[in-house]
Amino acid sequence: MLKPLEDRLIVAVKEAGEQQVGGIVIAQAQEEKPVTGKVVAAGPGRVTEAGQKLAMTVKEGDQVLFDKFAGQAIEVDGQNYLALREKDVIGILA
Amino acid sequence: MLKPLEDRLIVAVKEAGEQQVGGIVIAQAQEEKPVTGKVVAAGPGRVTEAGQKLAMTVKEGDQVLFDKFAGQAIEVDGQNYLALREKDVIGILA
Amino acid sequence: MLKPLEDRLIVAVKEAGEQQVGGIVIAQAQEEKPVTGKVVAAGPGRVTEAGQKLAMTVKEGDQVLFDKFAGQAIEVDGQNYLALREKDVIGILA
Amino acid sequence: MLKPLEDRLIVAVKEAGEQQVGGIVIAQAQEEKPVTGKVVAAGPGRVTEAGQKLAMTVKEGDQVLFDKFAGQAIEVDGQNYLALREKDVIGILA
Amino acid sequence: MLKPLEDRLIVAVKEAGEQQVGGIVIAQAQEEKPVTGKVVAAGPGRVTEAGQKLAMTVKEGDQVLFDKFAGQAIEVDGQNYLALREKDVIGILA
Amino acid sequence: MLKPLEDRLIVAVKEAGEQQVGGIVIAQAQEEKPVTGKVVAAGPGRVTEAGQKLAMTVKEGDQVLFDKFAGQAIEVDGQNYLALREKDVIGILA
Amino acid sequence: MLKPLEDRLIVAVKEAGEQQVGGIVIAQAQEEKPVTGKVVAAGPGRVTEAGQKLAMTVKEGDQVLFDKFAGQAIEVDGQNYLALREKDVIGILA
């Protein structure tokens, strides 16, 4: 497994064909629309310039909505993941 | 539903044909004019570098005026929403 | 009415033909010259990264001088207003 | 009169033909050279992000040297003034 | 040896043919994918503007995942190393 | 005379023909090399965002080495001076 | 001699033909590789915005590795030196 640093999240991106989570349908026609995914690992939180660790809001297992162009693509055991920072997460699907 | 992070607001954008709220008419001719919408969900507030959570001014249910080009378009249950940050809100219609 | 957020000011812009306030004449020939207007609504003040609310200097009713290209044009009840931030105000006409 | 905000200074710019103040001659040939002027109004001082008001060094009546391209041109009672920020002032002529 | 300054890490980059660590396979086809390496030396930590030294999360001996384009290439005793900053490390392979 | 503000220094630039100070010869061939000069006036020091005045290291009378492209050229009593900020001074020649 | 300001270091750059220090060979083929040098003078340390002087890690006499394009070239007594800031030093050769 991968232990993300700071406020990074490792996210399993939802495939286009299955973009319907909790009643929310993400438009596929418009390329710039945010996409969803499931958080498989979350970092401990970012440390500010004042030396304070900021607690994470997003937890492992959360379904999150994030900007399509955010993060870095990585591959673990043949599956695609995205390494995001928590600030790139728009919201948690509940 | 979507629980927005930080100081984000989920806003139901007002359609052009109905741009008249509380006596305020938003000009349609000039494309750059701000538009209005109703806040359907509000985040808990942004945390500063000093580690302090800043309280939100805008609440769920508020009618807000915001820059036309601000935010990210999302789609929930077939309706268009905008994910804005509170700093992009010009004012609350009262 | 519109309640502006942070340090925003809602300003009724003075028409070109009447640009003479308190003995001050603003040049019309040079397009880049600042213009004047009357503040019809003022926000509560900006909150700093340290979490401190900064008091507003400009009050409702003040005649202010501001950069011609500052702010965002809005329209309320058929009248043009400008949404400015206090930092864009050069000075108060007294 | 105009009461400048923050650390702004309202300066009466010296005409080219009279650019000799206190024995200092400002070169006219090279366009980028700083110019001089007399401060006719000074703001109360800038407030930092920490919420502290910084005292002004420049006072009304001071002759100051500033970058030719700094500030915004305004016109009061038919005279040209410049609205500068104190940080754009190189020094006080004494 | 080289003692890195601040939050720098000296990393032995994994060769492409051996990009499989702890069950994680890094895709080779897509050039922008992050790569892995072993930390051979770690700095003492970055000092913030507030004068506080931030403890390092990454230790000597850790296997790390980092952006392909991060860091500066150096050569020690005929082997390639990369000098990274800890902020460029996405996560620790465990 | 000119009293510089903040951390500014008024420097009498050394002419190319005399670029040898304290055994140090500044290369003339390469245009980008730093040049030297004598400080004729020094400001009181810069005030930080935290409201603290930072003491000056450079004093009136010091011979300083600074980047050729730093500062603003001014002319006082027919002599060329440069208005520099202390941060642009590489070192003091001793 | 030259007393550097803030966190500057005066470094005697190693000639290409002698780029082997403490068993470390710096590649010459690739132009972007960092180079090494010996510190002949070190500043007292940088003062932060909070007014705190940060102690220097690099000392006079240290062999340092730094980015090839960092710093400003100066010439003292016919020898080439580089004026670097400590943040541009990757590590100390030990």
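In the predicted model, the contact between chain G and chain F (heavy atoms within 4.5 Å) takes 20 residues from chain G and 26 residues from chain F. The two chains bury about 1800 Å² between them, 53% of it on carbon and sulfur atoms; buried area is the accessible area, for a 1.4 Å probe, that two parts lose on being put together, summed over both. On the side of chain G, Leu5(G), Glu49(G) and Glu75(G) lose the most area to chain F, and together they make up 32% of what that side buries.

Residues are numbered from 1 along each chain as its sequence is written, and chains are lettered from A and ligands numbered from 1 in the order in which they are written. As the model is predicted, local features need pLDDT of at least 70 and side-chain atom pairs count only at pLDDT 80 or more, while totals for chains, interfaces and linings use all residues; side-chain values use heavy atoms, with hydrogens and water left out.

Between chain G and chain F the count is 1 salt bridge, a term for a side-chain nitrogen of Lys or Arg within 4 Å of a carboxyl oxygen of Asp or Glu. Glu49(G) forms a salt bridge with Arg46(F), with the closest N and O atoms 2.8 Å apart.

At least two residues of the side of chain G that touches chain F come from each of strand E1 (2–4), strand E7 (72–76) and strand E8 (79–85) of chain G. Strands are DSSP runs of at least two residues, numbered from the N terminus. E7(G) gives the largest share of that side, 5 residues. By class, the side of chain G that touches chain F holds 10 nonpolar, 3 polar and 7 charged residues. E1(G) also pairs with strand E9 (residues 89–93) of chain F, in the antiparallel sense over 3 bridges, where pairing requires at least two DSSP bridges between two strands. Within this pair, Lys3(G) is the bridge partner of Ile92(F).

The contact of chain A with chain E takes 21 residues from chain A and 27 residues from chain E. About 1800 Å² is buried between them, and carbon and sulfur atoms give 54% of this area. Leu5(A), Glu49(A) and Glu75(A) supply 32% of the area that chain A buries against chain E, more than any other three residues. The count here is 1 salt bridge; Glu49(A) forms a salt bridge with Arg46(E), the closest N and O atoms lying 2.8 Å apart. E1(A) pairs with strand E9 (residues 89–93) of chain E in the antiparallel sense over 3 bridges, and Gly91(E) is the bridge partner of Pro4(A).

Within chain E, strand E2 (residues 8–13) and strand E8 (residues 79–85) pair in the antiparallel sense over 5 bridges, with Val11(E) opposite Leu82(E). E2(E) is also joined by 5 bridges to strand E5 (residues 35–42) of chain E, again running antiparallel, and Ile10(E) stands opposite Ala41(E).

Note on methods. Helices (H or I, at least four residues) and strands (E, at least two) are DSSP runs, numbered from the N terminus. Ala, Val, Leu, Ile, Met, Phe, Trp, Tyr, Cys and Pro count as nonpolar, Asp, Glu, Lys and Arg as charged, and the others, Gly among them, as polar.
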